[in-house]
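Please read the structure below from the whole chain down to single side chains. The text takes it in that order.

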Amino acid sequence: MLRSGVACGVIAAMGALAASGQPWPIEDAEAIVQDGPYSVLVKPSTANRRVDDIPVPPFGFSLEIRDGRLSTVEGFFFATLAAWPDRTDNPDAPEPLSSSRWGGVYKNSSGKNWVNRINEWYREGKAAGLSQDTFRSFDDGHSSLPLGSYPQMNSEPPVPVLGSLYENVFKPRVTMGVQSCGSEGMSVIEDQSRRFLRAVYESGMPEGGFQRYYRMFYENNFLFVAPAVGSYKPDSDAFSFLSPFYLHSVGASGSDSRLLQPLVMASAALPPDLKTRILRSGLFAPTMMYLFKSAIAGNILAPEAHAPAYVLPPETADEADGPTPFLDALLIAANGLKHIPPVCRMKFRNIAVVNEEGFGPNRETYYEENTYAFTGALRQGQAFLLDVDLRYSWTDKNLPIAKYHAAVLRGNGEITPLNEHGSVLRIRIPWSLTDNRRNLRSDVALLVHDGTYYSAPAYISVRHIHRLDPVILGIKVR
């Protein structure tokens, strides 16, 4: 069985990261967590919410206890985040959004009204603005934000590729970025997914991973948007995986920056002190995912809220002159946050691959477990059997989890609660026959609720491999 395999070039960049896990004792003792020039004193973990008398780890920490200690995960730059600068609080500073140079989406009366409203919130001290945000293009500037519309937002010079994440993203504290290009008629990430899967079946090497590269975006305040190109249309979904770590826009170049712009407005609308705490905890991306997915379909529990790519509603058109339910919901929710929304995390009690009668047990199987995401691939006769514990999800201020939600979004799958609260689940996903071009996955969404807010979602996403699938075509596999 292959937990993960050889990655293509995108994974190789991970080796350049200064990324060893940092220990944190469970006992009543403080600890120093250090990366780069920063060091931070961490408070005792005994203050945390407990599950089975075990402290629930902070965001960015491993859910596994080793030698009686908790550790940060590889690539979580805890101390760098904790030193995130304060927002600019200068009465002479420009307002977050420019009404005179408004050139983003929503160039209609509703959009301009929201520009004025956010600026008013900022003047009144009710909105954080954009002085703590930084934008960067990772396609040499082929796609960009109209920065003149966001005069407070910082920017870094465009670069051609993501490259070293610490040097190009995390060190300069880039909060939002786009990469507006495609590959082989697909999204870049989808092309990488397929190359990675093929490398797994070709080499059989167990080291490496694919989604953990993007997990670092999620845990280090980086909201990344790329175009879906030919990988997704409303009636044709050809993505291999559904991921919580990034957003895709329906369309080609330029659709990515368009999708990002309402989220820039939402970032500007966040309450000031809360936004600083979000950024210093590494929770910017999950918070923005929660806000976006709660608003885009009107209900975060709707399957449409959990698509591999999104298109903005017609209300964004320049000539639109009517209600703007998506933008209203997004910005009112952003400004109205009273605490940080929870983040669903999965602790796996068991991961098994079962084989139907007549199919051998020793065939290669890929899967990768990344706390917020489980991705895997099945071939005919196989099924995943997963026992998942959601009680270790992260909540702000140690709030108790009030309820749990699990649903099959698409494809085949069975969910069986293993306790009365539905916090521990058995999920079975069998291989399914697809048409080999679209609808290639089974997806499960998992969320928790802290009594006020639903969480940023976790996903289980399984790709079904057909015997004539291009991923394995020509490879001699068992």
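Start with the whole protein. This is a predicted model. The protein has ten helices and 24 strands. It has 478 residues, and 59% of them count as buried. Now take the contacts between residues at least 6 apart in sequence. Of these, 73% join residues at least 24 apart.

Turn to helix α7, residues 255–269. One of its partners is helix α10, residues 325–336. The two axes lie 8 Å apart, at an angle of about 30°. Angles under 35 degrees count as roughly parallel, so α7 and α10 are roughly parallel to each other. The crossing of α7 past α10 is right-handed. On the α7 side, the contact uses P262, L263, M265, A266 and A269. On the α10 side, it uses F326, L327, L330, L331, A334 and N335. Ten of the residues in this contact are nonpolar, one is polar and none is charged. An α-helix has 3.6 residues a turn, so residues three or four places apart point the same way.

Helix α9, residues 284–295, also meets α7. Here the axes come within 11 Å and cross at roughly 110°. The range from 65 to 115 degrees counts as roughly perpendicular, and α7 and α9 are therefore roughly perpendicular to each other. From α7 come L259, L263, A266 and S267. From α9 come F284, M288 and F292. This contact divides into six nonpolar residues, one polar and no charged. Look again at L263 and A266: they touch α9, and they also belong to the contact with α10.

Next comes helix α8, residues 272–280. Which of its residues are buried? They are P272, L274, K275, T276, I278 and L279. After α8 comes G282, with a positive phi near 80°.

Helix α6 covers residues 211–219. Eight of its nine residues are buried, so α6 is largely enclosed by the rest of the structure. The buried set is Q211, Y213, Y214, R215, M216, F217, Y218 and E219. N221 follows α6, and its phi is positive too, near 70°.

Now zoom in on D237. It sits in strand β14, residues 236–237. Is D237 buried or exposed? Buried means under 20% relative accessible area. D237 has 8% relative accessibility, so it counts as buried. Its side chain makes a polar contact with the side chain of R441, at 2.9 Å. Set aside neighbours within four places in sequence. D237 is then in contact with S231, Y232, P308, R410, R438, N439, L440 and R441.

F239 lies in the loop between β14 and β15, the latter spanning 247–249. At 3% relative accessibility, F239 counts as buried because the cut-off is under 20%. Beyond four places in sequence, F239 is in contact with S187, E190, A228, S231, Y232, H248, P308, A309, L440 and R441. Several of these names have come up already: S231, Y232, P308, L440 and R441 also contact D237.

Definitions and conventions:
Residues numbered from 1 in each chain as written. Heavy atoms only, no water. Axes fitted to C-alpha atoms, helices over the stretch in contact; angles between N-to-C directions. Helix = DSSP H or I, 4+ residues; strand = E, 2+ residues; numbered from the N terminus. Parallel < 35°, antiparallel > 145°, perpendicular 65-115°, else oblique. Left-handed = near helix turned anticlockwise from the far one by under 90°. Contact = heavy atoms within 4.5 Å. Nonpolar A, V, L, I, M, F, W, Y, C, P; charged D, E, K, R; others polar. Buried < 20%, exposed > 50% of the residue type's maximum accessible area, 1.4 Å probe, protein only. Polar contact = N/O pair within 3.5 Å; in protein donor to acceptor, adjacent residues only side chain to side chain.
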